[in-house]
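Colleague: I would like a close look at one part of this model. Please take me through it contact by contact.

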Amino acid sequence: MKILTLTFLTCARKSCKPEPTSYPLHPTSAELEIIPVDFNPLFLRALLPRLDWPTLRILCEAFGLPGLQEEAPEEDALFLQPEEGGAMEDVEVQGEKGKEVVEDVEKKGEEETREASQLAKDLHHLLLETTMQEGKLVCGCCGHEYAVKEGIANFLLPAHLV
Amino acid sequence: MSRPEDILPPDLYYDDPTSKKYTSNSRIQNIQASMTHRALALLNLTEPSLILDVGSGSGLSGAILSAVPPEQGGPHTWIGMDISASMLAVALERDVEGDMLLADAGQGVPFRPGTFDAAISISAVQWLCNAESSVESAPGRLKRFFEGLYASLRRGGRAVCQFYPRDDKQKKMVSDAAIKAGFGAGLLEDGGGTKQVKVYLVLTVGESGDITGIVAGMDGVDVEDHRKRRNKKGERPNKRDEIIRRKHRMEGKGKVVKATTKYTGRKRRIAF
Ligand SMILES: C[S@@+](CC[C@H](N)C(=O)[O-])C[C@H]1O[C@@H](n2cnc3c(N)ncnc32)[C@H](O)[C@@H]1O
Ligand SMILES: [Zn+2]
């Protein structure tokens with residue numbers, strides 16, 4: 001299970017869901033493994049606004065992973081700032097057909113030439129490549145333990161807990 | 001023909017041999033792939049997204065999500081839920097890219113509110129219509145599923161569930177449960193009236209405007225949005241206008257579109 005998934009999982013019990021202590025689930029006796037995944041900075045950009053940064057910091061600490069900066073980063077921090085001039089000059093020439101076209105091309109061009117920052121690479125590694133293979137996830141509200149085996153967490157509840 | 005849901009509960013039906021056979025059958029692979037592509041088109045995602053796959057099985061549907069090229073807004077990242085450990089084991093063997101949980105969708109969706117951009121479910125929801133135990137009824141399980149799904153999606157998010165309803169009554173039971181949970185809902189049928197009919201339940205979360213816009217211009221669309229009745233009358237967007245607008249959008253993106261004629265947006269019937 002990726003750390004990405006862990007930052008969104010809650011206890012499955014209905015009575016726990018409204019309780020703030022049912023999130024995040026606490027990993028114990030965790031075995032981590034790095035599984036390489038293709039880098040996708042545009043996914044990170046889409047994800048960033050809904051990432052719960054304090055939770056991610058708690059999880060890093062629980063796993064004994066290097067600490068994260070205190071403040072959640074802004075979207076711009078995922079990309080290197082574009083250098084002045086350069087690539088943009090071509091765009092001006094192409095855009096004689098009308099203003100709308102210019103804007104479109106500029107935006108596209110920007111997206112394609114913007115290079116991902118080290119922070120984006122670190123986040124990718126942490127969220128998508130770092131996985132919990134074995135261990136347990138414990139609910140801070142009811143104490144229920146969800147077992148993780150071969151990277152798959154068992155969220156099936158016995159009937160009396162549903 | 002007997003339906004697998006009538007024989008056994010899903011975790012027992014999809015045992016090791018059945019899960020292996022299911023996954024390696026090339027006819028099944030093709031059908032699941034084409035239905036997943038259809039669901040993706042209905043989701044209309046424009047950037048790499050986080051997607052929940054309900055009843056993800058061995059990852060036939062999920063693999064399609066991972067393979068969407070950047071030009072088409074991908075690749076997407078998915079998290080799967082499935083009740084069959086054997087299906088999940090096959091998924092692990094296949095080295096699929098998604099993360100997976102062993103979980104019963106009829107017990108809810110254990111994610112924070114607003115986690116997912118979108119959700120798909122390919123050939124799974126009919127399983128929720130058979131109660132697993134005497135403890136909970138089928139409507140109770142559907143309710144828990146759709147309420148959980150609704151909460152787990154971000155506002156503006158969509159879900160598409162392709163499923164095999166036993167009959168019209170079951171189709172209605174499923175879409176009613178989704179609507180009750182808060183979704184805007186539309187039913188789309190490909191190949192209606194044939195044995196190969198495919199039913200897609202298209203669900204929206206807090207989308208302004210109504211679902212007709214999403215499924216307009218597709219043949220055999222049956223819009224079933226009960227919320228609409230409460231709206232002012234006569235607001236239904238004109239299908240032709242909607243198509244013309246979409247053509248403009250496509251053209252704007254540099255795509256080649258057919259010229260607009262008097263036939264545009266007309267219902268076609270193939271007469272034999
Ligand atoms: C026909 S398979 C489809 C799998 C995959 N979506 C695909 O396209 O190949 C149906 C899957 O739904 C799963 N399923 C059935 N009931 C379920 C439930 N209550 N919760 C989660 N998964 C369920 C089954 O275990 C099975 O893997
Ligand atoms: Zn709990």
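Which backbone N or O atom lies 3.1 Å from a nitrogen atom of ligand 1?

Modeller: That backbone atom belongs to Ile122(B). First, the ground rules. This is a predicted model, where local features need pLDDT of at least 70 and side-chain atom pairs count only at pLDDT 80 or more, while totals for chains, interfaces and linings use all residues. Residues are numbered from 1 along each chain as its sequence is written, chains are lettered from A and ligands numbered from 1 in the order in which they are written, and side-chain values use heavy atoms, with hydrogens and water left out.

Now the other contacts. A polar side-chain atom of Asp82(B) sits 2.6 Å from an oxygen atom of ligand 1. Tyr22(B) places a polar side-chain atom 2.8 Å from an oxygen atom of ligand 1. The cut-off for a polar contact is a pair of N or O atoms within 3.5 Å.

Cover comes next. On its own, ligand 1 has 590 Å² of accessible area, and the protein covers 98% of that. Such areas come from the Shrake-Rupley method with a 1.4 Å probe.

Then the shell. There are 22 residues around ligand 1; a residue counts as near if one of its heavy atoms lies within 4 Å. Among those that come nearest are Gln32(B), Gly55(B) and Asp104(B), along with Tyr22(B) and Asp82(B). By class, the shell has twelve nonpolar, seven polar and three charged residues. Here Ala, Val, Leu, Ile, Met, Phe, Trp, Tyr, Cys and Pro count as nonpolar, Asp, Glu, Lys and Arg as charged, and the others, Gly among them, as polar.

Technical notes: A polar contact is a pair of N or O atoms within 3.5 Å; within protein, one must be able to donate a hydrogen and the other to accept it, and residues adjacent in sequence count only if both atoms are side-chain atoms.
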